[in-house]
Amino acid sequence: MSMLAQSVEILTSIVGRERISITEADRTLHARDQSAFPAHLPDVIVWPQSTAEVSAILRCANEARLPLTAWGAGTSLEGNPIPVRGGIVLNLQQMNRIIQIYENDFQVTVQPGLFYKDMNHTLARYGLFFPPDPGANASIGGMLANNAAGIRTVKYGATRDNVLALEVVLADGEIIRTGSRAVKQSSGYDLTHLFVGSEGTLAIITEATLKLAPLPACFSAVTAAFATVEAAAQVVFDVIASCLEPAALELLDTTAVTVMNSEESINLVAAPHVFMEFNGASEAGVQERLALAEEICRAYQCLDYRAGSGREARAQLWEARHRIFEVHRRYYAGHDYLLTDVAVPISQYPTLIAAAAGITAELAATSSIISHAGDGNVHLAIFFPPEDDDARANATRINEHVVNRALALGGTITGEHGVGLGKQKYMRQEHGPAALNLMRQLKAWLDPNGILNPGKVVADER
Ligand SMILES: Cc1cc2nc3c(=O)[nH]c(=O)nc-3n(C[C@H](O)[C@H](O)[C@H](O)COP(=O)(O)OP(=O)(O)OC[C@H]3O[C@@H](n4cnc5c(N)ncnc54)[C@H](O)[C@@H]3O)c2cc1C
């Protein structure tokens with residue numbers, strides 16, 4: 001009997017026949033994420049329901065030297081959960097309980113397979129929410145593993161900034177706890193944040209204690225259009241520099257707005273836009289910030305300025321923004337795509353935006369700038385017909401150019417999507433050989449048989 005067949009028997013004895021699958025349909029469902037990287041079929045999928053089961057599964061995988069890739073919701077955009085070496089996919093969606101809500105401490109302890117939108121739905125009853133907001137309905141485990149961020153990061157930070165403690169299972173099945181529920185922690189090496197952002201290559205997260213924020217009482221939403229994307233980028237810088245503390249600050253170029261306008265409910269001026277949200281405890285405070293934001297927009301001769309107050313205006317704005325990727329895919333149906341994700345310090349943001357717009361125009365590419373502008377994070381969504389090799393090569397050139405510019409401006413190769421498959425080739429450039437080597441040593445020490453999500457983050461030898 002092959003090692004794989006023996007392992008399937010052991011795995012079946014751990015989780016029972018109902019929670020293991022080797023069917024083509026289930027393997028196909030776990031073969032690719034939402035990126036354009038090619039699919040790769042795993043050999044077997046298991047659905048654990050407890051930390052003890054995860055531990056037993058890892059022990060089995062480690063002894064058999066079988067690759068094991070964790071799976072949250074599969075919404076990654078860099079190939080992060082694609083099981084490129086086959087083996088086991090560990091789908092955590094049946095570990096989806098809220099273990100405890102600490103209402104008076106603004107904290108919650110959850111299992112990793114819980115989807116954050118479902119969690120926030122429950123937390124709303126307590127007047128609380130978990131702010132990191134990647135748009136797609138991701139799992140908490142996937143958000144922690146990718147250090148996901150999103151439109152609210154400018155005010156509340158990324159997932160990394162909102163986690164206090166973890167329970168993780170190491171490659172050999174050992175269960176450890178990191179951190180505590182104290183919001184200040186200065187005790188020993190920061191293992192919690194070593195595992196956050198490690199994309200399932202160092203351990204499996206089986207429990208997390210997260211920081212929550214009170215739901216704001218008052219909201220406002222603003223859309224402002226400008227003649228050039230450079231003017232819109234300057235507005236972003238001025239809003240941040242004026243300490244207006246937006247709860248969200250996004251930039252879209254003309255192409256992105258044109259694509260959004262293809263949706264029935266959306267009717268924006270076809271020009272670069274800044275989207276903003278301000279929230280707070282009192283209407284007067286929100287209105288004061290709105291007035292200053294309007295002043296900044298007018299100083300850059302904004303072509304169109306729309307502001308609304310209340311939950312409905314806010315919901316409308318973000319509903320449209322959240323669907324932007326899906327709307328693009330529909331608009332460019334039949335096209336392949338490449339998504340860029342970089343981030344720079346805010347003072348360099350206008351320069352990066354100008355560079356991105358410049359190279360796109362120079363190569364006449366079909367590309368949208370969609371940016372979490374307030375934290376200096378820029379995405380380009382570049383679309384091309386699958387058979388057009390020149391357009392594909394241009395997409396790669398644009399991506400390279402933007403990544404190199406971000407690094408030259410003191411930034412990073414990925415602001416939120418993670419390294420996955422696509423960004424490994426830039427790891428040496430960003431971190432240097434010594435730091436990259438240390439990362440590889442950490443990986444080898446924590447996962448000596450290289451079973452955890454092999455082929456990712458630090459696997460590329462370049
Ligand atoms: C339309 C759309 C919009 C998006 N917008 C944003 C955005 O604004 N910001 C942003 O940051 N991302 C965004 N994303 C990307 C994606 O939602 C995030 O990367 C998210 O964190 C992925 O979570 P997931 O549950 O889908 O994880 P998966 O894709 O299933 O897995 C992600 C990684 O985590 C590992 N993993 C999963 N669970 C665990 C666990 N319990 N323990 C250890 N490792 C684990 C996997 O092996 C993989 O490496 C978007 C995606 C889409 C489709």
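A pocket is taken here as an open set of grid points, computed over the protein atoms alone, that has protein on both sides within 12 Å along at least five of seven lines. In this predicted model, the largest pocket is the space that the ligand takes up.

The shell around the ligand comprises 36 residues, and the closest of them are Ala-70, Thr-75, Ser-76, Pro-134 and Ser-139. By class, 18 residues of this shell are nonpolar and 16 are polar, while two are charged. Strand E3 (68-71), helix H5 (140-146) and strand E10 (204-211) each contribute at least two residues to the shell, and helix H5 provides the largest share, with five residues.

A polar side-chain atom of Ser-139 is found 2.7 Å from a ligand oxygen atom, whereas the backbone supplies a polar atom of Ala-73 at 3.0 Å from an oxygen atom of the ligand and an N or O atom of Asn-80 at 3.2 Å from a ligand oxygen.

Strand E3 runs parallel to strand E4 (residues 88-91), to which it is joined by four bridges; Thr-69 has Val-89 of E4 as its bridge partner.

Terms used
Residues are numbered from 1 along each chain as its sequence is written. This is a predicted model: local features need pLDDT of at least 70, side-chain atom pairs count only at pLDDT 80 or more; totals for chains, interfaces and linings use all residues. Side-chain values use heavy atoms; hydrogens and water are left out. A residue is near a molecule or strand if one of its heavy atoms lies within 4 Å of it. A polar contact is a pair of N or O atoms within 3.5 Å; within protein, one must be able to donate a hydrogen and the other to accept it, and residues adjacent in sequence count only if both atoms are side-chain atoms. On a 1 Å grid over the protein atoms alone, a cavity is a set of points where a 1.4 Å probe fits but cannot get out, and a pocket is an open set with protein on both sides within 12 Å along at least five of seven lines; lining residues have an atom within 4 Å of a point. A molecule sits in a cavity or pocket if more than half of its atoms lie within 2 Å of its grid points. Ala, Val, Leu, Ile, Met, Phe, Trp, Tyr, Cys and Pro count as nonpolar, Asp, Glu, Lys and Arg as charged, and the others, Gly among them, as polar. Two strands pair if DSSP finds at least two bridges between them.
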